[in-house]
Amino acid sequence: MGSRVSVEEHRDDVARLLAGISGEVSGTTTVGAEVSGTTTVGAESSGATAGGAEVSGTATVGAEGSGTTTVGAQLVPVGDALGRVLAGDVLAPEPLPRFRNSQMDGFAVRAADIAGATVGAPVILPVAGEIAAGSAAAPLAPGTAVRIMTGAPVPAEADAVVPVEDTDVGTFNHDHAAARGSASGRETNPPADPASRLEAPHDPDAGERKAGGSGTAPVGSGSARIGSGSVPVGSGSAWVGFGSVRIIRSRAAGEFVREVGSDVGAGDLVLSAGTVLAPHHLAAVAACGVAELPVRRRLRVAVVSTGTELVAPGEPAGPGQIWDANAVALAAAVRAAGAEVAGTYRITDDPEAARRALRTAAASSDLVITSGGVSQGAHEVVKDVLSGAVFRSVAMQPGGPQGFGRLDGTPVVTFPGNPVSAQVSFVVFLRDPLRRAAGLPTVGELRAVVGHAGESGGSIASPLGRRQYLRGRLRPAGGMRGTVGPKSGSRFPEGPTARTSDRPLLQVDVVGGAGSHLVASMGAADVLVEVPADRSALDPGDEVTLLPLG
Ligand SMILES: Nc1nc2c(c(=O)[nH]1)N[C@H]1C(S)=C(S)[C@@H](COP(=O)(O)OP(=O)(O)OC[C@H]3O[C@@H](n4cnc5c(N)ncnc54)[C@H](O)[C@@H]3O)O[C@H]1N2
Ligand code: MOO
């Protein structure tokens with residue numbers, strides 16, 4: 001072990017080691033839009049990977065797309081893209097909605113035909129038929145209405161939809177049950193007597209007004225205008241064969257009609273490169289008919305636990321054996337940071353077996369993370385196998401013994417085996433670089449004031465000369481339970497504090513002790529609490545920097 005280096009120096013070295021494998025996506029990929037003057041279409045896919053086709057070289061992606069993408073992106077089915085980071089812009093291949101359609105169950109009409117319709121002066125229009133969602137619509141003849149369901153195409157020449165509630169029909173719910181069922185269905189849901197349904201007050205002035213179509217007739221007890229066509233009106237059987245509809249409210253042109261492109265126009269940007277795909281993003285592109293998305297390729301990270309004492313959780317642990325926490329923790333941390341786990345390995349302290357396993361891990365991944373085998377013991381297999389790597393002591397606790405190097409060209413980062421040390425090491429050295437490589441936002445630091453520090457609520461010791469990462473739990477919003485508040489003249493004045501805004505500082509309690517074996521206690525934590533290297537203790541009331549876990 002060489003001389004002790006700072007956390008920052010080791011962090012920079014690890015970042016440099018990873019620089020070549022970050023899979024940065026340069027250039028853009030455009031999906032879905034027909035771009036004028038471009039004839040190169042279709043993704044150039046080479047090889048299949050777990051998540052979908054690898055996009056190699058410069059290629060255009062999508063049925064009618066153009067642009068460039070680079071190594072570092074792959075196409076995945078839209079249904080598998082949750083949490084992935086979009087590697088290119090997605091443009092709408094067609095307008096949405098694709099066709100004018102109804103926003104309501106009701107009647108498609110020409111607004112002019114129902115101008116002035118009221119309860120007292122309804123307009124009666126012959127009903128030419130029905131358009132269900134999923135069907136095509138013939139143009140609407142003047143002076144007629146057509147039954148239309150939500151999402152069904154609005155016929156040419158129609159420019160408004162009257163919700164069914166604004167007619168004497170009230171609802172379509174029972175119509176098809178009745179049609180399917182027969183007389184009894186119809187009997188249980190009889191068509192309403194228009195007059196009684198509408199309870200229309202008599203409007204003596206309304207009766208003589210003309211609708212857009214020809215012909216007038218008094219209907220029921222109210223007065224009404226009737227559209228063109230000779231249809232039976234005014235009887236309870238009007239709905240057999242669609243008949244006519246009595247409309248009691250006018251609608252302006254455009255009402256309840258969803259116009260073509262009112263969501264997005266053809267070629268409009270739907271999602272931008274860099275979007276971390278959530279369910280609502282996937283809905284947006286699926287609605288546009290896009291089946292595959294270019295996403296950033298995930299780094300493949302192999303996780304290797306070393307130690308003859310290790311057995312898998314669930315296996316019986318014999319004398320001297322312990323359950324392997326690090327393989328599970330580090331693999332989960334890798335996934336949470338947007339990379340994929342190329343494999344997990346548990347190896348003994350036998351150098352030859354360790355060498356074979358590490359080489360296999362290196363050959364199948366972009367990065368290998370090891371835990372254990374790096375201190376001063378007699379069986380430090382990681383040190384033995386990685387003879388050309390740098391092993392050093394970093395001025396932190398836990399996580400002092402660190403290393404990095406390459407095996408057969410693949411970067412390897414070595415963490416100490418103590419389970420708290422391994423996890424702290426990941427948070428401090430690998431989480432943000434992996435997140436950056438994945439295109440995910442890095443995890444910011446927080447500032448807080450300490451509530452309880454030591455076991456009994458007092459101080460907790462910290463090694464001078466080493467930055468300590470204690471485990472902490474944020475207090476629920478609502479403040480301190482006790483009387484501890486931010487100290488005036490905090491002992492840790494460096495760095496930004498939440499006091500620069502009007503928000504109060506977060507409050508944090510230290511959980512568990514400082515020992516790097518206290519893995520179960522760490523389960524109660526949600527943050528790491530930094531104690532600077534020049535402090536020998538942490539006390540209630542101190543201001544601290546926090547690194548969120550998870
Ligand atoms: N003479 C010295 N001894 C030690 C030093 C030192 O500087 N001089 N450093 C100590 C520190 S600090 C740490 S941290 C550890 C690091 O040791 P290794 O990285 O070689 O790790 P191991 O010895 O293999 O294991 C340490 C500890 O952690 C347990 N462990 C290991 N792997 C796992 C796992 N996958 N899941 C759960 N627990 C694991 C292992 O059983 C040991 O108890 O060295 C100190 N010693
Ligand atoms: O530095 Mo070791 O990682 O304390 O426990």
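Student: Is the crossing of helix 1 and helix 9 left-handed or right-handed?
Tutor: In this predicted model, the axes of helix 1 (residues 7-18) and helix 9 (residues 419-438) come within 9 Å and cross at roughly 35°. The contact is made by Val-7, His-10, Arg-11, Val-14 and Leu-18 on the helix 1 side, and by Val-428, Phe-429, Leu-430 and Pro-433 on the helix 9 side. The crossing of these two helices is right-handed.

Student: How do the residues of that contact divide into nonpolar, polar and charged?
Tutor: The residues from helix 1 include His-10 and Arg-11, and those from helix 9 include Phe-429 and Pro-433. Taken together, the residues of the contact divide into one charged, one polar and seven nonpolar.

Student: Which residues have the most contacts inside the largest nonpolar core?
Tutor: This core has 22 residues, and among the elements that give two or more residues to it are helix 1, helix 6 (326-336), strand 21 (367-371) and helix 9. The residues with the most contacts inside it are Leu-367, Ile-369, Phe-426 and Leu-430.

Student: How are the rings of Phe-107 and Phe-172 arranged, stacked or edge-to-face?
Tutor: A search of the whole structure finds one aromatic pair. The ring centres of Phe-107 and Phe-172 are 5.4 Å apart and the planes stand at 65°, which is over the 60 degrees that the class requires, so the pair is edge-to-face.

Student: Is Phe-172 buried or exposed?
Tutor: Its partner Phe-107, in strand 8 (residues 106-109), has 0% relative accessibility and counts as buried. Phe-172 has 8% relative accessibility, and because the cut-off is under 20%, Phe-172 counts as buried.

Notes: Residues are numbered from 1 along each chain as its sequence is written. Chains are lettered from A and ligands numbered from 1 in the order in which they are written. This is a predicted model: local features need pLDDT of at least 70, side-chain atom pairs count only at pLDDT 80 or more; totals for chains, interfaces and linings use all residues. Side-chain values use heavy atoms; hydrogens and water are left out. Axes are lines fitted to C-alpha atoms, for helices over the stretch in contact, and angles run from 0 to 180 degrees between N-to-C directions. Helices (H or I, at least four residues) and strands (E, at least two) are DSSP runs, numbered from the N terminus. A crossing is left-handed if the near helix is turned anticlockwise from the far one by less than a right angle, and right-handed if clockwise. Contact means heavy atoms within 4.5 Å. Ala, Val, Leu, Ile, Met, Phe, Trp, Tyr, Cys and Pro count as nonpolar, Asp, Glu, Lys and Arg as charged, and the others, Gly among them, as polar. A nonpolar core is a set of buried Ala, Val, Leu, Ile, Met, Phe, Trp, Tyr and Cys residues joined through side-chain atoms within 4.5 Å. Buried means under 20% relative accessible area, exposed over 50%, partly exposed in between (1.4 Å probe, protein chains only). Rings of Phe, Tyr and Trp (its six-membered ring) pair if their centres lie within 6.5 Å; planes under 30 degrees apart count as stacked, over 60 as edge-to-face and the rest as tilted.
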